[in-house]
Amino acid sequence: FEAQEQISHTSTKSYSLNDWQGGYKSLKQEFDYWIDDIEGQIPPELNGTLFRNGPGLLDINGQPIHHPFDGDGMISRITFSNGRAHFRNRFVRTAGYLEEQKAGKLLYRGVFGTQKPGGWLANAFDFKLKNIANTNIIYWGNKLLALWEAAEPHRLDPYTLETLGKEYFNGVLSEGEAFSAHPRFDPSCEFDDSKPCLVNFSIKPGLSTTFTIFELDTTGRIIRKHAHSVPGFAFIHDFAITPNYCIFFHNPVTFNPIPFVLGMRGAGECIKFQPNQPTRVIIIPRRILPQDRRKKVQILETQSGFVFHHANAFEQGNEIIIDSICYESLPEVEPESDFRQTDFDALKPGQLWRFHLNLQQQTVRRNLLESRCCEFPTLHPQKVGRSHRYLYIGAAHAPSGNAPLQAFLKIDLESGERQLWSAAPKGFASEPVFVPRPHSQREDDGWVLALVYDASRDRSDVVILDGRNFNQEPIARLHLKHHIPYGLHGNFTPE
Ligand code: 3ON
Ligand code: FE
């Protein structure tokens, strides 16, 4: 049966490239409306707001950007209230967005290869960064913040989505200082009377790389900030936390800035993956007391690979266990290439691995948890930093090979059971968000919310799946009046 399934999947694709490309068009309009085209029923106990961020513009007044990661951030807000849902989207009014929209043309180079018109001469020695606020959106300490990993957050009004300005946390962050797009929410911090706390980081790459750790209390105040330097250039998008540690994967890459300086490539296009060098796992204690000098940064080594996203980490005896989506190699973004023509079959899939970091022996052991191509892992918010039973992940429709995300996979790490709900052939998936049912006990008792692009209508749906069972149709599908370009990350804020 296994073999049969493999053959049928490889002989006929679950998607067409043309359908997939439909999700990479700009959405220039900003909407406000109650969603009235709904299949199924919105659970009346689902109350709160799903915030999503991602590139809303794939062109600046007709001039295409080179890579989706260079697109200006657009926030979508889906508010659920007593069985109804309201949609609103707004662009983050960053300084660069406002300037470019006023000028009607591209004024900034992008990190991932977007160039100003006029060839390399027009781009050489231009190192200005456009803070595009496009990667994540969080609500913390009564502030709604749009995040981009190379600069400071933008603060927005949580209701109107109006951009209010850049956020410096009472001057603890300095102008232009980075605050990554992958904060982790510790549900119960051991250093703060078991109150929740937000842990984030920033990376300052160079010949050596500086990692800064930030911890914010529930009022949004930065209560811990410390920096550490490790040798070598690092490109680090995400991290994981446990009650005592921050864990980073320093993937083996090198950076040659010359083509960037000369205006021939974006900075991100100057990163080269090194398949013959190990990945370094960097473990930084969350709290370093002056009297406790034994608690230092530890660096362990494991096989070469590239990790963007971690699912979760936890401590067990002498080990830290971390589940991550790992690629055998990182494809380079090439100046001549067109991301819309991505040959999925030529790329390596992201797969879910478990890494055992043994702090006593300073060794790493890894095993493959899931070979299906997957990306954007998530879990119950109370399990962050603790051992988890379930993971929810965006996944390919086919069990093997590399392909666009078209499905959602539920993994039960205890029983080994897998459940897949697929939107193929016309549907394309994104990051799932797990929302616990109020007063629930079971780890999977809740809803999985996600945006799905439906190529048959060229519109997007908000899909609500039952976290307990993916082997059935969604609880509800909310049909939006327009598409939403494939996005990056978001979060749910309960009412
Ligand atoms: O020299 C440094 C090099 C560099 C790359 C300087 C730097 C700090 C400016 C820098 C910047 C990095 C940035 C801005 C990274 C931004 C990343 C981003 C916006 C998104 C990453 C997404 C990752 C994944 C895995 C997305 C997956 C998407 C899909 C499966 C498609 O739906
Ligand atoms: Fe990410």
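A residue counts as buried when its relative accessible area is under 20%. Keep that cut-off in mind as you explore this predicted model.

**Stop 1: Pro-158**

Start by selecting Pro-158, in the loop between strand 10 (154-156) and strand 11 (163-166). Is this proline buried or exposed? Its relative accessibility is 18%, so Pro-158 counts as buried. Now show what surrounds it: leaving out residues up to four places away in sequence, Pro-158 touches Phe-51, Arg-77, Tyr-139 and Leu-144.

**Stop 2: the largest nonpolar core**

Next, select Leu-46, Ile-78, Phe-80, Leu-449, Ile-464 and Leu-478. In the largest nonpolar core, which has 43 residues, these touch the most other members. Several strands give two or more residues to this core, among them strand 6 (73-81), strand 7 (84-91) and strand 33 (459-466). Which strand supplies the largest share? Strand 32 does, with 4 residues.

Zoom in on Leu-46. Beyond its neighbours within four places in sequence, Leu-46 is in contact with Phe-80, Ser-81, Val-435, Trp-447, Leu-449, Ile-464 and Phe-492. Then move to a second, separate core of 40 residues, which includes Ile-203, Ala-234, Leu-330 and Cys-374.

**Stop 3: ligand 1**

Now select ligand 1 and the 21 residues around it; Phe-69, Thr-135, Glu-149, His-237 and Glu-375 come nearest. Taken alone, the ligand exposes 800 Å², and the protein buries 84% of that. Colour the shell by class and you will find 15 nonpolar, 4 polar and 2 charged residues. Strand 22 (306-316) and strand 26 (374-378) are the elements that give two or more residues to this shell.

**Stop 4: aromatic pairs**

Finish with the rings. Across the whole structure there are 29 aromatic pairs. Select Phe-201 and Phe-239: their ring centres are 4.7 Å apart and their planes meet at 55°, so the pair is tilted. Phe-201 lies in strand 13 (residues 195-204), while Phe-239 is in the loop between strand 15 (222-231) and strand 16 (240-241), so the pair ties together parts that are 38 residues apart in sequence. Both Phe-201 and Phe-239 are buried.

How values were computed:
Residues numbered from 1 in each chain as written. Chains lettered and ligands numbered in written order. Predicted model: local features only at pLDDT ≥ 70, side-chain atom pairs only at ≥ 80, totals over all residues. Heavy atoms only, no water. Core = buried A, V, L, I, M, F, W, Y, C linked by side-chain atoms within 4.5 Å. Buried < 20%, exposed > 50% of the residue type's maximum accessible area, 1.4 Å probe, protein only. Contact = heavy atoms within 4.5 Å. Near = heavy atom within 4 Å. Areas by Shrake-Rupley, 256 points an atom, 1.4 Å probe, with all protein chains shown as cover. Nonpolar A, V, L, I, M, F, W, Y, C, P; charged D, E, K, R; others polar. Phe/Tyr/Trp six-rings, centres within 6.5 Å; stacked < 30°, edge-to-face > 60°.
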